[in-house]
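I am keeping these notes as I look through a structure, going from single residues to the chain as a whole. Each entry begins with what I wanted to look up.

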Amino acid sequence: MVIPYDCHTHTTFSDGRSSVEENVRQAEAMGLELVVISDHFWPDDDDLSSRVRRIVAADEASPIHVVPGVEVTAQDPFGTVPLTEN
């Protein structure tokens, strides 16, 4: 069974080689229905809101679903992640 989703992709926002738009074009070319942009997030030096705006714009321009996500590292055994409400 082929699942037409890729729920873990990286772009040049973190350690990927392609832009958001290039990732989306590749997902379209592969026949996917949905792609999640889930770059690494470092709260001290990232502007998450500008990332999300760019991903939302890519979603609006694409026939497939493009979902903003984020990969974070748990900070303690309880699963606390380094995100704030800002």
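Does glutamate 21 count as buried, partly exposed or exposed, and what is its relative accessibility? I found that glutamate 21 counts as partly exposed, because its relative accessibility is 30%, and I noted the cut-offs: buried is under 20% relative accessible area, exposed is over 50%, and partly exposed lies in between, with a 1.4 Å probe and protein chains only.

**Before going on.** I wrote down that this is a predicted model, in which local features need pLDDT of at least 70 and side-chain atom pairs count only at pLDDT 80 or more, while totals for chains, interfaces and linings use all residues. Residues are numbered from 1 along each chain as its sequence is written, and side-chain values use heavy atoms, with hydrogens and water left out.

**Entry on the salt bridge.** I looked up the partner of glutamate 21 and found that its side chain meets that of arginine 54 in a salt bridge, at 2.9 Å from N to O. The pair links distant parts of the chain, since glutamate 21 is in helix α1 (residues 20-29) and arginine 54 is in helix α2 (residues 48-61), 33 residues apart. The term stands for a side-chain nitrogen of Lys or Arg within 4 Å of a carboxyl oxygen of Asp or Glu, and by this rule the count comes to 1 salt bridge. Arginine 54 is partly exposed, because its relative accessible area is 33%.

**Entry on the chain.** I then read along the sequence and found the pattern β-α-β-α-β, made of 2 helices and 3 strands. Helices (H or I, at least four residues) and strands (E, at least two) are DSSP runs, numbered from the N terminus. Of the 86 residues of the protein chain, 27% count as buried. The accessible surface comes to about 5,900 Å², of which 52% belongs to carbon and sulfur atoms; such areas come from the Shrake-Rupley method with a 1.4 Å probe, and for residues only the protein chains shown count as cover.

**Entry on strand β2.** Which way do the side chains of strand β2 point? Leu34 and Val36 point one way from β2 (residues 34-37), while Val35 and Ile37 point the other way, and all are buried. In a regular strand the side chains alternate between the two faces of the sheet. I also found that β1 and β2 run parallel and are joined by 3 bridges, where two strands pair if DSSP finds at least two bridges between them. Tyrosine 5 stands opposite leucine 34 in β2.

Threonine 9, in strand β1, is buried, because its relative accessible area is 10%. A polar atom of its side chain lies 2.6 Å from the backbone oxygen of valine 36. Leaving aside neighbours within four places in sequence, the contacts of threonine 9 (heavy atoms within 4.5 Å) include Asn23, Val35 and Asp39. Asparagine 23 in turn has its place in helix α1, counts as buried at 13% relative accessibility, and reaches the backbone oxygen of histidine 10 with its side chain at 3.0 Å.

**Entry on aspartate 15.** I looked next at the loop between β1 and α1, where aspartate 15 is found, and noted that aspartate 15 is exposed, because its relative accessible area is 52%. Its side chain makes a polar contact with the side chain of histidine 10 at 3.4 Å and another with the side chain of histidine 40 at 3.2 Å. A polar contact is a pair of N or O atoms within 3.5 Å; within protein, one must be able to donate a hydrogen and the other to accept it, and residues adjacent in sequence count only if both atoms are side-chain atoms. The C-alpha atoms of aspartate 15 and histidine 40 are separated by 7.7 Å, although the two residues are 25 residues apart along the chain.

**Last entry, on alanine 27.** Alanine 27 lies in helix α1 and counts as buried, because its relative accessibility is 3%. Leaving aside neighbours within four places in sequence, alanine 27 is in contact with Leu32, Val35 and Ile64.
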